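Here's a quick tour of a few spots in this model. Have a look at the structure, then read on.

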Amino acid sequence: MKQLMLGNEAVARGLYEAGCAFVSSYPGTPSTEITEAIAKYSEVYAEWAPNEKVAMESAFGASLAGKRSFCGMKHVGLNVAADPLFTIAYTGVNAGMVIGVADDAGMHSSQNEQDSRHYARAAKIPMLEPADSAEAIEFARLAYDLSEQFDTPVLLKMCTRVSHSQSVVECGERVEAVKEYVKNPAKYIMMPGNAKKRHPVVEARTRALTEWAETAAINRVEDGSDHSRGIITSSTAYQYVKEVCGDRYPVLKLGMIWPMPEKKIRDFADSVDEVIVVEELESFIEAHCNALGVAVTGKAIFPVIDEFSQNLVAEKLGMAAPAAGAKVADAIPPRPPVMCAGCPHRGLFYTLAKNKITVLGDIGCYTLGAVAPLAAVDSVICMGASVSGAHGFVKALEGKADGKTVAVIGDSTFMHSGITGLVNVAYNESNATIIIVDNSITGMTGHQQNPTTGMNLKGDPCTKIDLETLCRAVGIRRVRVVDPYDLEQTETAIKEELAAQEPSVIISRRPCALLKYVKHNKPVTVDNDKCRSCKLCMKIGCPAISMADGKASIDNTLCTGCGVCTQLCHFGALNMAKEDC
Amino acid sequence: MKTQNIMIVGVGGQGSLLASKLLGRLLLTKGYDIKVSEVHGMSQRGGSVVTYVRFGDKVYSPVIDKGEADYIVSFELLEAARWTEYLKPNGKLVANTQQINPMPVITGAAQYPDNLAEKMKAAGIDVDAFDALSLAEQAGSTKAVNIVLMGHLSRSFDFTLEEWMEAIEKSVPPKFLELNKKAFMLGREA
């Protein structure tokens with residue numbers, strides 16, 4: 001039966017059909033739904049790991065044990081997991097192992113625009129790249145066959161437009177594929193003596209895979225009527241090429257992006273007058289063609305920045321694109337994402353901005369603390385960088401930054417890679433103050449459980465890591481908890497911990513206002529007679545508050561009655577609704 | 001059949017995902033090739049959101065580009081104005097007249113342009129603007145604004161009312177079915 005399926009759900013379906021039995025992932029847009037979808041199949045064990053490195057190593061362990069395994073992550077997550085990646089490439093697998101990675105060209109929800117295809121070449125691991133949901137199912141299944149046939153982990157590379165597009169699929173049946181574990185130190189213990197023997201195996205494997213790529217059905221030539229030009233492409237760029245060119249030019253669509261076929265590329269190039277490579281982000285196919293000595297044109301006309309579209313491809317290929325429609329002359333104000341009304345992070349960032357604290361921020365919803373009018377954040381790099389960055393910042397200024405600098409990191413991000421930074425703070429004794437914003441969920445990626453929530457991916461109760469105990473255990477003596485809805489309590493804690501002559505942790509704890517179990521208060525009321533139009537309540541950037549006819553106005557459909565604004569008003573104009581006080 | 005392009009635009013949290021789900025269900029029963037593309041993650045936090053729905057004999061690109069949309073369905077007026085360049089010359093804009101101030105307007109850094117519906121009409125755009133929010137309220141919940149808009153859009157297509165209703169039944173929880181059916185009819189008749 002035909003059905004519409006999201007690309008990420010299709011990956012999950014393909015994993016399921018291939019007999020995948022173990023999944024360990026860390027959420028990250030645009031990869032998250034793969035793991036959420038696979039968790040719904042009772043035959044598959046699935047979990048959220050604290051980070052991508054743990055996920056990949058766990059998936060490797062499951063493969064070693066004889067179960068087909070998967071780990072999923074976004075492009076920057078693969079950086080975290082790069083260490084095991086490069087060595088699992090040497091050991092190979094027992095049962096098939098597939099690594100899902102989703103790039104984010106256009107940076108819809110990411111801090112950089114890196115191209116994960118480079119990892120395939122650098123780690124010498126084959127990479128498949130589906131272009132729609134039907135291919136996502138097909139390639140996920142194929143990935144396991146390749147993994148076992150060639151004794152290698154296989155990268156399955158998604159991107160935002162494939163992950164988050166629904167297209168028509170037909171589902172197949174699940175096969176079970178289980179192997180026995182047999183002890184094999186020479187293969188699985190990568191100390192120098194063994195690794196030296198494995199490296200040639202890896203090189204031979206890449207040669208064998210290159211041979212396979214020559215005849216693989218997923219590297220297909222679609223002939224065209226006009227051989228003045230041929231196009232080599234893959235993934236979503238293929239869709240834009242076909243949208244624009246139809247069947248006019250021959251197309252070599254690469255389903256396996258590493259290793260690439262050599263003869264097939266040469267033969268294709270020989271069949272056309274000129275070859276254009278259409279690929280998003282970096283020169284990868286193009287660079288390989290250049291290395292083969294095949295003349296192609298790619299990044300000379302196509303950008304390395306941002307995602308493509310059909311109009312962009314049409315323009316770059318010199319073909320007709322539709323004219324843009326009409327628009328009004330007025331400037332249309334942007335609508336950037338904002339912290340939700342009732343977000344527990346708001347009170348904290350207001351307090352930090354008010355006290356002019358330098359804030360080394362981190363990855364999550366609370367990155368939005370950087371946006372006006374709060375504008376409370378100084379830097380955001382990657383998962384965990386707030387804690388280690390604050391340590392370096394405070395150390396480097398030799399006391400001058402003491403009392404003025406904090407790290408702000410979420411509960412899930414702290415578990416991901418904040419702990420080791422905190423160990424460094426304790427061990428090397430910097431006078432840093434670390435604020436863990438604990439909203440009891442992984443918020444940004446759409447409410448995933450994590451080790452601090454007491455629930456697992458399948459929704460069952462499980463061990464809850466106690467943040468206070470953990471921070472004390474690594475050597476932080478000053479650990480305290482505040483409610484960020486209480487501005488006075490929050491400010492007092494920040495001032496006291498910044499003044500303390502030793503490292504400290506403040507846990508700013510309040511569940512995400514969007515969680516189903518969080519009860520909202522009645523909307524805040526405005527006493528127009530008392531409102532002096534000072535706009536102090538506007539300084540917290542709450543989307544529920546605006547000025548109407550010169551007076552503060554509350555949007556009752558958005559306000560959760562968190563009461564943070566009522567604590568700002570000097571004139572008693574903003575009040576909690578009586579019943580809930 | 002030539003590919004038809006529908007864009008659903010609005011503000012994160014307004015329920016555009018349900019609208020595209022409903023369309024997807026309906027189009028699938030008609031045997032079309034379909035692509036529905038949306039962006040998840042950070043842009044959902046009250047930001048500008050867009051969903052692309054494309055259907056026809058064979059659909060390649062998952063997105064709709066400038067000058068390609070047959071229809072834009074907008075949940076909010078400023079968002080309608082943001083995307084009109086994506087309409088075809090004879091494309092149609094179905095817009096809810098609701099206005100939601102973005103943060104730059106709330107903070108006073110920018111102005112919400114006035115009379116946007118009239119200005120879009122003056123620019124030559126085929127604008128069908130109506131108060132879908134009130135109709136949703138009338139149906140029983142402001143959250144049904146997505147279905148009111150789909151009801152209004154349904155007038156532009158040849159699909160039967162039964163086909164639309166069947167797609168609604170498959171897309172909403174049973175306890176909200178009557179509410180949504182009512183919302184759909186209010187939109188269809190508006």
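## A lysine with a polar partner

Keep in mind that this is a predicted model. In it, the side chain of Lys253(A) makes a polar contact with the side chain of Glu135(A), at 3.0 Å. You'll find Lys253(A) in strand β11 of chain A, which covers residues 251-254.

Is Lys253(A) buried or exposed? With a relative accessible area of 0%, Lys253(A) counts as buried, because the cut-off for that label is under 20%. Leaving out residues up to four places away in sequence, Lys253(A) touches Glu129(A), Ala131(A), Glu135(A), Phe139(A), Ile218(A), Asn219(A), Arg220(A), Thr233(A) and Tyr238(A).

## Two helices crossing

Next up are helix α15 (residues 345-354) and helix α19 (residues 487-499), both of chain A. They pack at an angle of about 50°, and their axes are 10 Å apart. That makes α15(A) and α19(A) oblique to each other, and the crossing is right-handed.

On the α15(A) side, the meeting residues are Gly347(A), Leu348(A), Tyr350(A), Thr351(A), Leu352(A) and Lys354(A). Facing them from α19(A) are Leu487(A), Thr490(A), Glu491(A) and Ile494(A). By type, the residues of this contact split into five nonpolar, three polar and two charged.

## A threonine in α10

Thr206(A) sits in helix α10 of chain A, residues 192-215. Its relative accessible area is 16%, so Thr206(A) is buried too.

Which residues does Thr206(A) contact, apart from its neighbours within four places in sequence? They are Lys124(A) and Pro259(A). Pro259(A) is 53 residues from Thr206(A) in sequence, yet their C-alpha atoms are 6.7 Å apart in space.

How values were computed. Residues are numbered from 1 along each chain as its sequence is written. Chains are lettered from A and ligands numbered from 1 in the order in which they are written. This is a predicted model: local features need pLDDT of at least 70, side-chain atom pairs count only at pLDDT 80 or more; totals for chains, interfaces and linings use all residues. Side-chain values use heavy atoms; hydrogens and water are left out. Helices (H or I, at least four residues) and strands (E, at least two) are DSSP runs, numbered from the N terminus. Buried means under 20% relative accessible area, exposed over 50%, partly exposed in between (1.4 Å probe, protein chains only). A polar contact is a pair of N or O atoms within 3.5 Å; within protein, one must be able to donate a hydrogen and the other to accept it, and residues adjacent in sequence count only if both atoms are side-chain atoms. Contact means heavy atoms within 4.5 Å. Axes are lines fitted to C-alpha atoms, for helices over the stretch in contact, and angles run from 0 to 180 degrees between N-to-C directions. Angles under 35 degrees count as roughly parallel, over 145 as roughly antiparallel, 65 to 115 as roughly perpendicular and the rest as oblique. A crossing is left-handed if the near helix is turned anticlockwise from the far one by less than a right angle, and right-handed if clockwise. Ala, Val, Leu, Ile, Met, Phe, Trp, Tyr, Cys and Pro count as nonpolar, Asp, Glu, Lys and Arg as charged, and the others, Gly among them, as polar.
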